[in-house]
Amino acid sequence: MPELPEVETVRRGLLSLIVGRSVKAVEHDTPKSFPNATADVERFLIGAKISDVRRRAKVLMIDLSTDYTLVIHLKMTGQMVFVAQPSDTSSLRFGAGHPNESLVGNLPDRSTRVTVTFEDGSHLYFNDQRKFGWVRLLPTLEVPNIDFMQKVGPEPLDADFTAEQFAERFKRRARTSIKAALLDQTVVAGVGNIYADESLWGAKIHPQRLVGNITPSEFVLLYAELRSVMNTAIEKGGSTDKNYVNAEGKRGSYLTFARVFRREGKPCPRCGTTIVKFKAAGRGTHICPHCQILSP
DNA sequence: CACTTGACCTGTCCGC
DNA sequence: TGCGGACAGGTCAAGT
């Protein structure tokens, strides 16, 4: 579930919560979660001070004073949660469904894969129910060289990323569906299932339309909708369906504003037609069958 | 090579 | 109530 807006929300939270703190200890459950050698951890992580928190696509990067970086992918159910005190339950006072509702109880819990303890006694927890996510410790200079960074497409929210560049990126996937192409991280970075559906609805494009049949003006519309939807989602603190929480363990509220995602059976906000859900590009897909038609 | 499907996991929900 | 199976979706490996 963490897509670009969710990872960006976590990044902003961590930036104000952990920069300047020094790492005292690190624990992890399985090598899959944190595959680094103990010697590297001892040498480049323990005692290091957090200097910056960055993001590229859906990948989070925590820079250390040792010129090493913690590279983190949350995949589907990953969370990065900072807790000032182990017994801090102040965030639990909000009711269920409230935008500030905490979705995490006392940490660590059974989903906790990595625990970072800082010198001042505060903690950073990497929780990941389904164990798809990972944390790796790499030299900062080597991060751009890992496979994912070499292949990933441009950042859709970059100020100098134009609609023309956006359309150009899709030419390599002309024979596939527009939804599959949107989800392809090598075309454009950071788009996942939620914002693919939301932006296609905004641009009135059926997800199964072939890329090669999308007109230039439709690409301009899709570009604008994608950026608009993602910016709105960042403002709302991201989308929380089940697991996603920000750096303080709190949910995001974008889904209360979603137009089609998880709204099957409800009316399209534009025309009132009932929204339907089906499978496209291997994913649950939501459309308005009146606004988004397959053949013109 | 271009593209699609399955695997990786666990918790939740649905139907019997 | 219990139980099996479908489902959730980011990415990579394997298959068509």
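Which phosphate oxygen contact does a polar side-chain atom of T176 make with DNA strand B, and at what distance? A polar side-chain atom of T176 lies 2.7 Å from a phosphate oxygen of DNA strand B.

The views show a predicted model, in which local features need pLDDT of at least 70 and side-chain atom pairs count only at pLDDT 80 or more, while totals for chains, interfaces and linings use all residues. Residues are numbered from 1 along each chain as its sequence is written, chains are lettered from A and ligands numbered from 1 in the order in which they are written, and side-chain values use heavy atoms, with hydrogens and water left out.

**View 1. The protein surface around DNA strand B.** The residues near this strand (one heavy atom within 4 Å of it) are K32, R110, Q129, R130, K131, F132, R172, R173, A174, R175 and T176. Seven of these residues are charged, two are polar and two are nonpolar. In this classification, Asp, Glu, Lys and Arg count as charged; Ala, Val, Leu, Ile, Met, Phe, Trp, Tyr, Cys and Pro count as nonpolar; and the others, Gly among them, count as polar. Of the atoms of DNA strand B within 4 Å of the protein, 70% belong to sugar or phosphate, and the rest belong to bases.

**View 2. Side chains at the phosphates of DNA strand B.** An N or O atom in the side chain of K131 is 2.8 Å from a phosphate oxygen of DNA strand B. For the side chain of R173, the corresponding distance from an N or O atom to a phosphate oxygen is 3.2 Å.

**View 3. An open sheet of four strands.** The strands (DSSP runs of E, at least two residues, numbered from the N terminus) follow the order β2-β3-β4-β8 with antiparallel pairing. Pairing requires at least two bridges found by DSSP between two strands. The edge strands, β2 (50–56) and β8 (134–139), each pair on one side only. Strand β3 (residues 59–64) and strand β4 (residues 68–73) are joined by five bridges in the antiparallel sense. Within this pair, M61 stands opposite V71 in β4.

**View 4. The setting of R113 in strand β6.** Strand β6 covers residues 112–118 and includes R113. This residue counts as buried because its relative accessibility is 7%, the limit being under 20% relative accessible area (1.4 Å probe, protein chains only). The side chain of R113 reaches the backbone oxygen of D128 at 2.6 Å. Beyond its neighbours within four places in sequence, R113 is in contact (heavy atoms within 4.5 Å) with residues including E27, H28, D29, S33 and F126.

Definitions and conventions:
A polar contact is a pair of N or O atoms within 3.5 Å; within protein, one must be able to donate a hydrogen and the other to accept it, and residues adjacent in sequence count only if both atoms are side-chain atoms. Buried means under 20% relative accessible area, exposed over 50%, partly exposed in between (1.4 Å probe, protein chains only).
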